[in-house]
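Keep the structure open beside the text as you read.

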Amino acid sequence: EPMRAALIPMKSLAQAKMRLADVLDRHERAELALAMLVDVITACNESGCFDLVSVISDDSEVFWQVRDLGAKPIAEPATLSGLNEGLTFGQRYLGRRVAADELVILPADIPLARAEDIRAVVDALGADAAPRVVLVRSGDNGTNALALRPPEAIAMHYGRDSADAHRAAAEAAGVAVVEIASERLAFDVDSPEDLDAMAALPVGAATAGWIEARTHYARTEPTG
């Protein structure tokens, strides 16, 4: 059995979901970001696919939550800037220090993720030991799941059109690429429109709790 790790990057809560600042205050954004992270970690745990589920962040409050769920926090060095540098650090740490054979990188804001969706990504890596990259595109051509064997099979290219960039990196490295479509993994929460859409979707338990609390609070808020 290969040693397999999951890696989820998580911004500091103060910086979380800034694109929702017009519709949510800082506290609401932090709570939502944490709720979605809990749902992604839970889906990873329930998938039974991983020897280790890890979250890379520079926020100690995130670490507490992560440990509570049996996942491993990886402290992002302060010298790093941006998602790709943080993920590269995580890639190296898990590949070299932890000696993972396979790595699955998932965003922290995919609240529809279920155990079977994550198993489908892992299954697409195949049972042989050949180098392979599996990717799931987000609705806006980002990368909402990236499975790598070995963990450093390709460099990180998150950002605009990252799905194309990751695919091109694999092709340039001569590594086979498998692309799978996953409606649930493709949905992430970035904009107020996503937030509205989420209310009618089958989100994970923690995110559902956040929606319910917010709806209840909105109903009970005094007017005038």
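Predicted model: local features only at pLDDT ≥ 70, side-chain atom pairs only at ≥ 80, totals over all residues.

A second pair is made by Asp 109 and Lys 17, whose closest N and O atoms are 2.8 Å apart. This bridge also links distant parts of the chain, 92 residues apart: Asp 109 belongs to the loop between E4 and H4, and Lys 17 to the loop between E1 and H1. Are these two residues buried or exposed? Asp 109 counts as buried because its relative accessibility is 10%, and Lys 17 is buried because its relative accessible area is 17%, where the cut-off for buried is under 20%.

Turn next to Glu 152 and Arg 92, whose side chains meet in a salt bridge at 3.9 Å, N to O. Here the loop between E6 and helix H5 (162-172), which holds Glu 152, is linked to helix H3, which holds Arg 92; the residues are 60 apart in the chain. Glu 152 has a relative accessible area of 34% and is therefore partly exposed, and Arg 92, with 43%, is partly exposed too. Salt bridges with shared partners also tie Arg 4, Glu 102, Asp 128, Arg 132 and Arg 149 into one network. The structure as a whole holds 16 salt bridges.

How many residues does the largest nonpolar core have? It has 35, and Ile 8, Leu 37, Phe 50 and Leu 106 are those with the most contacts inside it. At least two residues of this core come from each of strand E1 (4-9), helix H1 (26-47), strand E2 (52-57), helix H2 (60-68), helix H4 (115-125), strand E5 (132-137) and strand E6 (143-149). H1 gives the most, with eight residues. Apart from this core lies another, of 24 residues, which includes Leu 135, Leu 146, Ala 163 and Ala 169.

Setting aside neighbours within four places in sequence, Leu 106 is in contact with Leu 7, Ile 8, Pro 9, Val 40, Cys 44, Ile 118, Asn 144 and Ala 145. After H4 comes Gly 126, with a positive phi near 80°.

## The largest pocket

The largest pocket contains about 1,000 Å³ of space. Its lining is made of 39 residues, and those nearest its centre are Lys 11, Lys 17, Leu 83, Asp 109 and Asp 190.

H1, helix H3 (83-97) and E6 are the elements that give two or more residues to the lining. H3 provides the largest share, three residues. Sorted by class, the lining has 16 nonpolar, twelve polar and eleven charged residues.

Gln 91 belongs to helix H3 and counts as buried because its relative accessibility is 3%. Beyond neighbours within four places in sequence, Gln 91 is in contact with Leu 7, Leu 103, Leu 148, Pro 151, Glu 152, Ile 154 and Met 156. Trp 64, in helix H2, counts as exposed because its relative accessibility is 62%. From Trp 64 to Ala 181, 117 residues apart along the chain, the C-alpha atoms are separated by 33 Å.

Asp 101 lies in the loop between H3 and E4 and, with a relative accessible area of 37%, is partly exposed. Not counting residues up to four places away in sequence, Asp 101 touches Pro 2, Met 3, Leu 148, Arg 149, Pro 150 and Pro 151. Where does Pro 111 lie relative to Asp 101? The two are ten residues apart in sequence and 27 Å apart in space, C-alpha to C-alpha.

Key
Residues numbered from 1 in each chain as written. Heavy atoms only, no water. Core = buried A, V, L, I, M, F, W, Y, C linked by side-chain atoms within 4.5 Å. Buried < 20%, exposed > 50% of the residue type's maximum accessible area, 1.4 Å probe, protein only. Helix = DSSP H or I, 4+ residues; strand = E, 2+ residues; numbered from the N terminus. Contact = heavy atoms within 4.5 Å. 1 Å grid on protein atoms, 1.4 Å probe; cavity = no way out; pocket = protein on both sides within 12 Å on 5 of 7 lines; lining within 4 Å. Points joined across faces, edges and corners; volume = space filled by probe spheres on them. Nonpolar A, V, L, I, M, F, W, Y, C, P; charged D, E, K, R; others polar. Salt bridge = Lys/Arg side-chain N within 4 Å of Asp/Glu carboxyl O.
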